[in-house]
Amino acid sequence: MNYPQPSGDAAKSGVSWSVVAIFTAIAAFLVYSTLIPDSLRLNAVLVSVLVMITLSLMRVNVVISLITSALLAGSISDHSIKETIDSFNTGIGGGAQIALSYAMLGAFAVAISKSGIPHMLADKLATAVGKGEDPRHLGLVRYGVTAVLLIAAISSQNIVPIHIAFIPLLVPPLLFVMARLQMDRRLVACVLTFGLVTPYMLLPVGFGSIYLNEILLSSIQRSGMETDGISPLSAMAIPAFGMVLGLLVAVFITYRGKRDYDLSRIERTESTGARYSAKTLIVAVIALAAAFVVQLLTESMVFGGMIGFLIFSLSGVLKWQEGDDAFVEGMKMMAMVGFIMIAAAGFAQVLRDSGDINSLVATAAALVDGSRALAALAMLIVGLLITMGIGSSFSTVPIIAVIFVPLAIQLGFSPMAVVALVGTAGALGDAGSPASDSTLGPTSGLNVDGQHNHIWDTVVPTFLHYNLPLLIFGWAAAVIL
């Protein structure tokens, strides 16, 4: 997807962020060269992860950062280029299914847009706003819009599993209504990010099934701890409460005030003239219901998305001759996320094959001096840095699990605490990373008219409202469970 690029003040912020990234890289090098114990100086895991974070913060493409870091890890561990590439190729197979799921769901999202549902919703809200200027009435509509966006974001992770693909379809038609209501778009960014992150880290349905079952539990199991009988819902409940707290603060305290936007700029960039009829809406409901049922029966989002797409095509809502273009457009929309996941799976395999994980774990265990509280905090901060760097919690978990699980076992954490610890460490940074789809997605919908800055209006608000409480509640879960 071609995400909107900031202009004006936003461009200046982009320059500032690049400067920050460069200084961060220099600081990381100084810390590594002066504070890291000699026994870890040439540890393939530590060095390659630091390089990956540094490259990502300096806005090197995340896929290139992962591949470069994988080659570096292989070189440090005295593996030949061929051996490193073989390890990488072995690992990327694990990310192929997830990447295919994203591509199919992107195509399904484009088909949904053809039904006119997003524009019908915008028309209804515009009518509600036009009924009067009573502050109480407008306040109710304002909270109604917030609730609709929250429900849509949550549903995009499970009921209608299309992830961020719904945002550029639903949000732009609502911008005029939100401007009339003087809604702060930073509030909308926080609401959307909450709906994109919290469901997958708590509910084992849709993307939550992928994150909790296929990635989190399987990564922990492959790293040496049995997870049979563990309920990810119970393990992640305390960290998820931190996310809920952050949302409530954003909605009712931080961004409850009014903010003005230029209505003429919205009118020039977004049209709400999409056609919809009773037939297209009925077909859309049938397709969504069928996709959800098939996903539950087959436990495959690939087949669920495919059935939904076929229903749109066979019904005529999506013209047959337009089907291929819509499918390609949807795959383009979700391609980068899929490639990041594939590359991260290969990088994790290279780390496993490097042979340096055990030495890193032993040294880290010695540094925390057997303190579980200190170890939990250190692991969460490392998880935050990694996810902030690569921008994907789904890709972070396979990387950190190979390091954290053996350390947690050595320190005596319970299996439930390990699930909470690794799951929270992976999710940390997803809200608040400049490269995360959970922040890029909201910006893609809110900045179509150039009035929403990615860094200051999406990244900073979501980082402050979600990462800080998630860090605190994730640490509490690891210590308590």
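In this predicted model, helix H8 meets helix H20 through Arg186, Ala189, Cys190, Val191, Thr193, Phe194 and Met201 on the H8 side. The partners contributed by H20 are Trp456, Asp457, Thr458, Pro461, Thr462, His465, Tyr466 and Leu470. H8 comprises residues 185-202 and H20 residues 454-480, and the two pack at an angle of about 45 degrees with their axes 9 Å apart.

Apart from neighbours within four places in sequence, Asp457 is in contact with Arg186, Ala189, Arg259, Gln451 and His452.

**Helix pairs**

Two packed helices are described by the angle between their axes and the distance between the axes.

| Helix pair | Angle between axes | Distance between axes |
|---|---|---|
| H8 (residues 185-202) and H20 (residues 454-480) | about 45 degrees | 9 Å |
| H8 and H9 (residues 207-222) | roughly 50 degrees | within 7 Å |
| H17 (residues 393-411) and H18 (residues 415-427) | about 140 degrees | 8 Å |

The axes of H8 and H9 cross at roughly 50 degrees. That makes H8 oblique to H9, and H8 passes H9 in a right-handed crossing. On H8 the contact is formed by Pro199, Tyr200, Met201 and Leu202, while H9 supplies Phe207, Gly208, Tyr211 and Leu212.

The crossing of H17 and H18 is right-handed. H17 contributes Ser393, Thr396, Val397, Ile400, Ala401, Phe404, Val405 and Ala408 to the contact. These residues meet Val418, Val422, Ala425, Gly426 and Ala427 in H18.

Tyr200 lies in helix H8 and, at 0% relative accessibility, counts as buried. Residues up to four places away in sequence aside, Tyr200 touches Gln157, Phe207, Gly208, Tyr211, Leu212, Ser393, Phe394, Ala427 and Asp430. Phe207, Gly208, Tyr211 and Leu212 are the H9 residues named above, whereas Ser393 and Ala427 take part in the contact between H17 and H18. Gln157 is 43 residues from Tyr200 along the chain, yet the C-alpha atoms of the two are separated by 6.5 Å.

The loop between helix H7 (167-180) and H8 contains Gln182. Although Gln182 is not a glycine, its phi is positive, at about 60 degrees. With a relative accessible area of 25%, Gln182 is partly exposed.

Just after H3, Asp78 takes a positive phi of about 65 degrees.

Val294 is found in helix H12 (residues 278-298). A residue counts as buried under 20% relative accessible area; at 19%, Val294 is therefore buried. Val294 and Ile307 are 13 residues apart in sequence, and their C-alpha atoms are 7.6 Å apart in space.

In helix H19 (residues 437-446), nine of the ten residues are buried, so this helix is largely enclosed by the rest of the structure. The buried residues are Asp437, Ser438, Thr439, Gly441, Pro442, Thr443, Ser444, Gly445 and Leu446.

**The protein as a whole**

The protein contains 20 helices and zero strands. Buried residues account for 55% of its 481 residues. Among contacts between residues at least 6 apart in sequence, 82% join residues at least 24 apart. The contact between Tyr200 and Gln157, residues that stand 43 apart along the chain, is one example of a contact across such a separation.

Methods. Residues are numbered from 1 along each chain as its sequence is written. This is a predicted model: local features need pLDDT of at least 70, side-chain atom pairs count only at pLDDT 80 or more; totals for chains, interfaces and linings use all residues. Side-chain values use heavy atoms; hydrogens and water are left out. Helices (H or I, at least four residues) and strands (E, at least two) are DSSP runs, numbered from the N terminus. Axes are lines fitted to C-alpha atoms, for helices over the stretch in contact, and angles run from 0 to 180 degrees between N-to-C directions. Contact means heavy atoms within 4.5 Å. Buried means under 20% relative accessible area, exposed over 50%, partly exposed in between (1.4 Å probe, protein chains only). Angles under 35 degrees count as roughly parallel, over 145 as roughly antiparallel, 65 to 115 as roughly perpendicular and the rest as oblique. A crossing is left-handed if the near helix is turned anticlockwise from the far one by less than a right angle, and right-handed if clockwise.
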